[in-house]
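This report describes the strands, helices, loops and aromatic rings of the structure shown below. Please read it with the sequence and the coordinates at hand.

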Amino acid sequence: MNPLLIILVVFIFIIFFASFFLVKQQTAAIIERFGRFSSIRQSGLQLKIPLVDKVAGRVSLKIQQLDVIIETKTLDDVFVKLKVSVQYMVIREKVYDAFYKLDYPHEQITSFVFDVVRAEVPKMKLDDVFVKKDDIAIAVKRELKEYMSDYGFDIIKTLVTDIDPDAQVKAAMNRINAADREKTAAQFEGDAQRILIVERAKAEAESKRLQGQGIADQRREIARGLEESVEVLNKVGINSQEASALIVVTQHYDTLQSIGQETNSNLILLPNSPQAGSQMLNDMVASFTASNQIGEAMKNAKPKKLKE
């Protein structure tokens with residue numbers, strides 16, 4: 001076979017296969033003809049003129065993310081590092097602008113993020129930076145969207161994903177937080193102790209009230225029993241004074257009997273001689289007699305005063 005024919009066939013095959021190229025999904029290909037922009041091709045199998053047209057570049061239409069770390073100073077002179085994540089994409093209708101107007105979009109976006117953050121953060125105190133991080137992100141997005149749209153880029157979202165103060169500042173903040181929590185815990189413990197003391201005092205007061213009521217009821221029943229005993233003794237010819245003395249002496253010996261039944265009792269009752277009971281009875285009778293005489297004398301003395 002003629003070698004020239006073989007070369008010609010190979011050349012034709014190369015030219016044929018060079019006429020076709022693939023563009024991936026969510027990608028746009030820029031076609032230049034003799035170094036000049038010709039067309040934009042979307043995803044799929046595309047055709048170009050070999051040796052005349054060439055694929056100058058490909059532009060991704062996917063959402064991309066750029067993380068920018070900025071160190072700046074707050075209003076209260078605290079240095080802090082912020083990590084700002086910018087999510088952006090190329091506008092499908094502005095692929096030409098995105099490819100030809102801007103060489104390094106990452107550097108442009110980074111510069112704007114630095115400019116906006118270093119303009120906003122120095123107006124805030126450190127605590128406000130944490131609270132108002134969404135405001136910082138909104139300010140960054142507003143500035144970027146307005147500027148980058150002229151170059152074919154759309155800013156989808158900006159996020160302040162990390163705020164990292166100096167290590168000493170973080171340690172101080174942790175100490176402040178710990179001290180505040182300890183103060184709160186101490187207040188709660190104090191409130192709990194106060195409630196416990198109040199409730200204990202209420203319970204003790206209620207116990208004393210019930211105890212006093214019980215003692216009063218006991219004494220009332222004892223008095224009723226004594227009254228009945230005196231009435232019984234009066235019926236057999238014993239007067240009230242002797243009956244009262246007899247009841248007291250009887251209770252005295254009942255007490256001695258109860259003490260004697262206790263094996264481990266340490267109670268000492270004084271006086272406790274054999275003559276103590278009779279002496280007590282005599283003393284009580286004498287005291288009752290004296291009290292009656294004094295009562296009679298006072299009754300007699302009142303009419304005389306009234307007459308005068």
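A28 has V59 in strand 5 as its bridge partner, in a model that is predicted. The pairing to which this bridge belongs joins strand 2, residues 27–33, to strand 5 in the antiparallel sense over 7 bridges. Strand 2 also pairs with strand 3, again in the antiparallel sense, over 5 bridges, and here E32 stands opposite F37 of strand 3. Between strand 2 and strand 3 there are 2 residues, the two strands forming a hairpin, and F34 in the turn has a positive phi of about 55 degrees.

Taken together, 3 strands form an open sheet in the order 3-2-5, with antiparallel pairing. Its edge strands are strand 3 (36–41) and strand 5 (53–60), each of which pairs on one side only. From one strand to the next, the twist averages 30 degrees.

A further open sheet consists of 3 strands in the order 6-7-8, and the pairing in it is antiparallel. Strand 6 (64–73) and strand 8 stand at the edges, and because each has a single partner strand, one side of each is left without a neighbour in the sheet. Neighbouring strands of this sheet are turned against each other by 20 degrees on average, direction ignored. Strand 7, residues 79–90, and strand 8 run antiparallel and are joined by 11 bridges; in this pairing, V86 has T158 of strand 8 as its bridge partner.

Two helices are described in relation to the strands of this sheet. Helix 3, residues 105–120, lies across strand 6, strand 7 and strand 8, and runs at about 35 degrees to strand 6. Helix 5, residues 133–148, packs on the sheet and touches strand 7 and strand 8, its direction making about 150 degrees with that of strand 8.

Where in this arrangement does T158 have its place? T158 is found in strand 8, which covers residues 153–165. T158 counts as buried because its relative accessible area is 5%, and the cut-off for that class is under 20%. Leaving aside residues up to four places away in sequence, T158 touches S85, V86, A137, I138, V140, K141 and L144.

Most residues other than glycine have a negative phi. L51, although not a glycine, has a positive phi of about 65 degrees, and its place is the loop between strand 4 (44–47) and strand 5. With a relative accessibility of 73%, L51 counts as exposed. D77 likewise has a positive phi, near 60 degrees, in a residue other than glycine; D77 lies in the loop between strand 6 and strand 7, and is exposed with a relative accessible area of 55%.

The aromatic rings form the last topic. The structure holds 7 aromatic pairs, and the table gives two of them.

| Ring pair | Centre to centre | Angle between planes | Class |
|---|---|---|---|
| Y96 and Y100 | 4.8 Å | 40 degrees | tilted |
| Y147 and Y151 | 5.2 Å | 50 degrees | tilted |

Why are Y96 and Y100 separated by about one helical turn? They are separated in this way because they are 4 residues apart in helix 2, which comprises residues 95–100. Y96 is partly exposed, with a relative accessible area of 38%, and Y100 is also partly exposed, with a value of 31%. In the pair formed with Y151, Y147 is partly exposed as well, its relative accessible area being 25%.

Ring pairs also link F37, Y96, F99 and Y100 into a cluster. F37, one of the members of this cluster, is the residue of strand 3 that stands opposite E32, whereas Y96 and Y100 belong to helix 2.

Note on methods
Residues numbered from 1 in each chain as written. Predicted model: local features only at pLDDT ≥ 70, side-chain atom pairs only at ≥ 80, totals over all residues. Heavy atoms only, no water. Buried < 20%, exposed > 50% of the residue type's maximum accessible area, 1.4 Å probe, protein only. Contact = heavy atoms within 4.5 Å. Pairing = 2+ DSSP bridges. Axes fitted to C-alpha atoms, helices over the stretch in contact; angles between N-to-C directions. Phe/Tyr/Trp six-rings, centres within 6.5 Å; stacked < 30°, edge-to-face > 60°.
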